[in-house]
Amino acid sequence: MAPVGVSLRVRDDHVVIDNGILQLTLSNPEGLITGVRYNGVDNLLEVLNKEGNRGYWDMVWSEPQGSGIFDVIQGSHFEIIHEDENQVEVSFTRNWDPSLEGKLVPLNIDKRFIMLRGCSGFYTYVIYEHREGWPDFDLAETRVAFKLRKDKFCYMAIADNRQRFMPMPDDRMPNRSQQLAYPEAVLLTNPVNPDLKGEVDDKYQYSCEDKDIKVHGWISFDPSIGFWQITPSDEFRSGGPVKQNLTSHVGPTTLAMFLSAHYSGEDLVPKFRNGEYWKKVFGPVFIYLNSTMDGADPQLLWDDAKRQTLIEVESWPYEFPVSEDFPKCDQRGSVSGRLLVRDKFIDEDDIIGDVAFVGLALPGEAGSWQRECKGYQFWTEADDKGNFTIANVRTGDYNLYAWISGFIGDYRLDVTVTITPGSQISLGDLVYEPPRDGPTLWEIGIPDRSAAEFFVPDPNPIYINNLYVNHPDRFRQYGLWERYADLYPDSDLIYSVGVSDYRKDWFFAHVTRKTKENSYQATTWQIKFRVDSVNQTGAYKLRVALASATLSELQVRINDATINPPHFTTRLLGRDNSIARHGIHGLYWLFNIDVQSAWLIQGDNTIYLTQTRSSSPFQGIMYDYIRMEGPPINKVDK
């Protein structure tokens with residue numbers, strides 16, 4: 001039978017869109033998602049919550065230097081944008097004027113909802129506009145949130161190997177749990193499901209990199225229903241492909257994150273100043289519903305959601321959104337090329353950039369994409385020959401950026417790439433020359449912007465999340481920062497080049513040490529290495545790449561543990577909080593340190609790495625990679 005057409009019913013206080021598969025109820029004119037009826041269940045959203053706390057767009061904004069204001073966005077005007085039996089699109093707008101200064105964020109906001117014929121779900125997107133001359137403000141976060149029924153949805157899936165039965169929201173209450181080092185983390189002491197007793201629950205244990213946040217959600221077993229949030233494109237997210245964001249967590253809650261300072265800090269909070277004009281479309285994202293026979297394997301619902309995700313990704317950019325602010329395929333362009341790496345100390349020939357991330361973002365310096373948070377970004381991965389194509393790019397001016405696992409630093413093409421409708425730009429061969437002065441004397445780690453290759457300890461047995469036992473993401477266990485003091489109670493880490501193994505002997509995070517007095521102290525790590533003969537006429541170079549920093553200062557001293565000032569300091573840097581939030585990286589930093597030959601001695605040498613800031617257990621850094629280079633080799637002309 002042909003699918004039932006889409007119908008729209010408008011009432012004084014609500015709007016109902018129905019396509020015979022599901023029924024979506026939105027408050028009028030606020031545009032809050034108050035009901036999702038599907039497969040015989042009157043409402044998949046939490047009926048015990050007030051209507052304003054079931055499904056909604058929200059944001060956190062502030063005036064400059066002001067406190068953050070949490071705003072569940074409520075429209076003041078409802079409009080039908082498109083209505084026929086194949087598609088309904090509706091709009092809920094809230095416009096700003098000077099009388100609202102200090103009361104509402106200075107944005108015109110247009111929330112859209114779309115339902116298609118024969119489609120088991122609905123789409124939503126939003127358009128934000130800050131007009132020229134309007135007041136300054138900061139936008140710390142914006143997202144869509146869904147609060148599902150706790151009596152139905154108990155099983156969460158965010159990846160093939162990250163699925164589990166979850167605690168109830170009641171389990172996080174004081175009579176059933178013990179708060180740990182911060183409010184998001186609790187130890188379950190008396191959970192409704194006794195099998196979960198002794199486990200830790202923390203929403204940050206379920207974060208993902210943006211490139212991997214395509215589909216996640218929840219499963220109900222009675223009846224057998226899946227509720228999935230599908231994000232088909234990263235173009236409207238900030239911070240590049242490895243920016244980390246929240247997904248789903250106890251509630252049952254499902255989020256579509258668009259802007260956040262998680263795993264980055266203030267660097268990824270867009271700040272609008274001097275009345276600048278700005279407009280951006282976030283989404284559309286797809287809320288997909290599926291079902292099976294009761295008692296069926298929940299894996300069937302997850303596998304079906306993944307198949308639907310592929311369909312959504314292949315359909316991007318969607319043709320059906322009515323807004324002119326969302327350009328269709330023929331209004332976009334593409335860029336292609338091949339990326340090579342030139343490092344003569346590794347290979348005389350150019351090296352294929354076959355594991356490169358290549359992207360377009362607003363013009364800036366090399367690496368600026370990871371802190372860019374106002375425009376659109378378009379990323380792809382090069383193939384095994386280094387070839388790349390970035391398709392479906394919005395019109396505008398961009399720089400092309402790249403970074404390559406196995407090499408330090410960032411590539412930027414030193415020309416502006418201008419995309420026009422239908423343009424197909426071929427850049428040919430591009431060559432990245434990573435920072436390099438001389439031959440590698442020794443190195444620690446892998447230059448991949450992550451600390452995952454280093455030693456990640458087992459968690460304290462009283463702080464376990466069973467999902468991450470014997471799991472590749474073992475770094476997501478709670479409290480690993482405290483394990484450093486367990487391993488090094490009285491002295492600090494010493495790494496001997498040529499003897500030590502960074503996979504076993506280099507702790508994943510350079511953290512503070514907790515003392516018996518419950519205070520924290522700075523820690524100094526040592527790298528011991530031999531120099532058979534010091535070149536007195538050439539300069540050495542120490543490359544230190546950081547995968548994360550939180551209110552830290554790294555001081556470097558060479559063969560003198562007490563010299564002051566140190567030979568090098570980063571000064572205070574970083575606010576990404578990745579140690580506390582179980583991320584194995586935050587933002588990337590690269591420091592290129594000149595090492596005078598007079599600082600080195602023939603024979604045994606020691607580099608002292610001190611993280612000096614020590615008022616909190618979460619102050620620290622994660623190293624990505626460290627390399628000592630010898631002086632440049634002068635080749636004699638033949």
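Reply: Leucine 400 is in contact (heavy atoms within 4.5 Å) with Val335, Val358, Gly359, Leu360, Phe388, Ile390, Tyr411, Arg412, Leu413, Leu427 and Leu430, leaving aside residues up to four places away in sequence. This is a predicted model, in which local features need pLDDT of at least 70 and side-chain atom pairs count only at pLDDT 80 or more, whereas totals for chains, interfaces and linings use all residues. Residues are numbered from 1 along each chain as its sequence is written, and side-chain values use heavy atoms, with hydrogens and water left out.

Leu400 also belongs to the largest nonpolar core, which holds 104 residues; Leu400, Ile17 and Tyr128 are the members that touch the most others. Such a core is a set of buried Ala, Val, Leu, Ile, Met, Phe, Trp, Tyr and Cys residues joined through side-chain atoms within 4.5 Å. Buried means under 20% relative accessible area, exposed over 50%, and partly exposed in between, with a 1.4 Å probe and protein chains only. Strand 24 (residues 278-291) supplies the largest share of this core, eight residues. Another core, of 55 residues, lies apart from it and includes Phe507, Ile527, Tyr540 and Ile626.

Strands are DSSP runs of E with at least two residues, numbered from the N terminus. In a regular strand, side chains alternate between the two faces of the sheet. Both faces of strand 27 are covered: on one side Ala356, Val358 and Leu360 are buried, and on the other Phe357, Gly359 and Ala361.

Two strands count as paired if DSSP finds at least two bridges between them. Strands of a sheet pair through backbone hydrogen bonds, either parallel or antiparallel. Strand 27 pairs with strand 30 (residues 396-404) in the antiparallel sense, over six bridges, and Val358 stands opposite Ala402 of strand 30. Strand 27 is also antiparallel to strand 28 (residues 378-381), with four bridges between the two; here Gly359 has Trp379 as its bridge partner.
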